[in-house]
Amino acid sequence: MTTTYPFTFDPAAPFLDQASDWIADVFYDILPEAGFETRDEQIFMAFQLERAYKEKKTIFAEAGVGTGKTLVYLLYASLYARYTRKPAVIACADESLIEQLVKPEGDIAKIARHLDLNIDVRLGKSQDQYLCLNKLEEVRGPGSENEVFQTIYEDLPPFVHFPDTLQAFYPYGSRKDYPELDDKQWNKVGWDVFQDCLICPRRHRCGQTLSRDHYRKATDLIVCSHDFYMEHVWTYEARKREGQLPLLPEHSSVVFDEGHLLETAAQSALTYKLKHSAFESIVTRLLEGEVRESLALSVEHAIERSDDLFESLHRYSTPVPASERNELELSAELMKRINAFRSAIDAIEEEIVFESGMFSLDEYQLRIVEEHLEMIQTALMLFANPRELICWTQNDQGDMTLVLMPKKVKEILNERVFSKKMPIIFSSATLSADESFDYIADSLGVSEYQSFSVASPYDYEESMKAGLSTETSIALKADYVLRALERREGGMLLLFPSRESMEAFRFEADSRLEFADFPMLYEGDAEISRLISEFQNGKLVNLCAVTLWEGLDVPGDSLNHVVVWELPFPPNDPVFAAKRRESADPFGEVDMPYMLLRLRQGIGRLIRTSGDRGRVDIFGEALHQQDVRERVGSLLPASAAKENE
């Protein structure tokens with residue numbers, strides 16, 4: 001393991017003092033000599049992070065676009081990792097932001113190029129970002145689409161097909177390796193939560209397994225998503241009980257980039273997903289071999305109760321517009337069937353106690369079934385207190401899935417994350433509300449923290465123009481987009497609040513011959529980093545996206561026009577419906593803060609350097625309301641807001 005520092009290290013002096021002195025030299029002397037401008041905001045942030053690392057505290061680092069915040073936390077995290085001999089974790093909001101961080105022109109590459117500091121950075125991607133060999137086996141073969149999967153199969157590394165000795169193993173099978181697949185195709189071959197990796201005969205040659213072996217050996221940085229970090233936190237104890245390594249190794253510090261989104265990731269990681277077909281597949285393993293008739297009958301009875309439950313779930317599910325989630329009515333009949341299913345599982349667990357004493361069941365298989373039954377019982381117990389539960393159903397590749405999520409996660413976060421004596425950095429341009437960090441701290445269970453806020457150094461009055469419109473007609477908004485495209489001023493980013501609204505625009509654009517002259521990329525048509533690269537490097541290319549409100553960093557004329565198709569109010573799905581029910585002022589306390597935060601991030605995609613110029617246009621029926629118009633206008637330069645009064 002390397003312990004090389006970019007400065008002469010004196011073991012007799014405090015390490016962080018020496019590291020901070022060198023980082024100060026970087027921002028005052030080394031980078032300016034290489035042509036970079038000196039940024040007071042960046043230097044201020046460096047001194048604040050020094051304190052957080054010395055005291056091993058949580059810090060909310062709110063810094064606007066152009067402050068150079070990423071470079072600051074990368075330097076501290078990597079140097080501290082080398083000093084402690086444990087890697088630091090950089091957790092990004094999603095997979096696309098991971099790629100933004102490690103792209104060839106990104107800050108990690110700048111550090112290597114200008115500071116002669118080669119950082120060992122490895123990606124710890126979420127499980128659903130990897131190919132599942134079992135699912136690939138099911139869909140490959142003849143046929144127009146299946147031939148694509150057959151080609152993937154034939155191009156797999158030799159060690160997957162031929163388990164010979166003395167082979168060199170290496171990671172493979174990342175979503176990024178198959179950029180030509182759209183999201184629907186990837187879902188047919190990518191890992192999902194219903195795969196049982198513990199008993200998979202291919203697991204030792206699986207790309208996901210090999211990737212974990214690779215990133216665990218990182219000496220400096222492991223870059224992952226918020227979801228993956230939270231999955232690590234929630235599964236840490238269970239994986240140790242099962243004799244598995246935790247998803248992430250012991251680490252020296254963690255940075256939550258776009259940290260304002262962490263609560264959503266924490267809830268998502270604590271989510272339980274139940275599917276009838278998965279339950280039946282797991283529980284019937286108990287019937288392999290010679291077992292008592294009473295166990296077989298209890299298994300059969302539980303499968304019947306599961307079937308009854310999912311039949312009721314179909315009946316009491318109502319689709320939610322602009323959401324993939326169905327609202328679930330907790331009727332008396334549904335609760336009765338939930339309790340019946342729980343009782344049936346209780347009966348299986350009692351039978352297992354007797355059966356295990358007779359040693360008729362495979363011990364490894366038995367442990368897997370017991371863990372699965374325990375998970376189902378833990379999930380269904382949430383129905384005992386519906387006020388603390390968020391639940392919905394959704395369609396996963398043709399199967400009804402029940403999804404359960406606890407409302408509040410802050411107690412668990414406080415215990416498993418923030419109580420540790422470790423530097424924890426929240427970095428974002430949007431962490432505070434009304435100049436206070438109390439809201440985000442309370443929602444995450446952070447009881448003690450440091451904080452600071454620095455504004456962007458860019459002159460938005462000079463660099464940004466803006467327009468507000470109450471237009472709701474898809475056709476008329478498409479007319480505006482077309483006129484803007486015809487001016488050919490540069491690349492356009494169209495941000496949509498939902499896939500449904502993006503597809504509505506796509507249908508309208510595809511129906512008009514005039515749009516054929518303008519290259520239009522749509523999120524979901526290919527792997528996201530491929531689309532971003534085509535957008536950034538193409539000439540007058542335009543990108544339509546649902547998830548790129550945060551983190552997208554495309555400077556210059558490749559992106560000089562942002563169109564917000566609709567104000568990004570939260571959907572009326574079960575998650576936000578639960579938040580609204582608990583609020584005395586749902587619109588003011590739930591809908592408006594969410595919309596304004598998302599809108600701030602979306603507007604922030606436009607001006608990425610001091611030389612950028614551009615325009616943002618915002619459509620929204622709610623702009624008829626004076627208070628909404630004023631709050632949205634406050635996010636724009638004064639001159640831009642006046643243009644629309």
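The second largest pocket holds about 240 Å³ of space, a volume being the space filled by probe spheres set on grid points joined across faces, edges and corners. A pocket here is an open set of points on a 1 Å grid over the protein atoms alone, where a 1.4 Å probe fits and protein lies on both sides within 12 Å along at least five of seven lines. This is a predicted model, with pLDDT of at least 70 needed for local features and 80 or more for side-chain atom pairs, while totals for chains, interfaces and linings use all residues. Numbering runs from 1 along each chain as its sequence is written, and side-chain values use heavy atoms, leaving out hydrogens and water.

Some 14 residues line this pocket (an atom within 4 Å of a point), and Leu 328, Leu 330, Leu 389, Cys 391 and Arg 581 sit nearest its centre. Helices (H or I, at least four residues) and strands (E, at least two) are DSSP runs, numbered from the N terminus. By class, the lining has nine nonpolar, no polar and five charged residues (nonpolar: Ala, Val, Leu, Ile, Met, Phe, Trp, Tyr, Cys, Pro; charged: Asp, Glu, Lys, Arg; polar: the others, Gly among them).

Elsewhere, the axes of helix 20 (474–487) and helix 21 (499–510) come within 10 Å and cross at roughly 70 degrees. Axes are lines fitted to C-alpha atoms, for helices over the stretch in contact, with angles from 0 to 180 degrees between N-to-C directions. The two helices are therefore roughly perpendicular (65 to 115 degrees).

Methods
Parallel < 35°, antiparallel > 145°, perpendicular 65-115°, else oblique.
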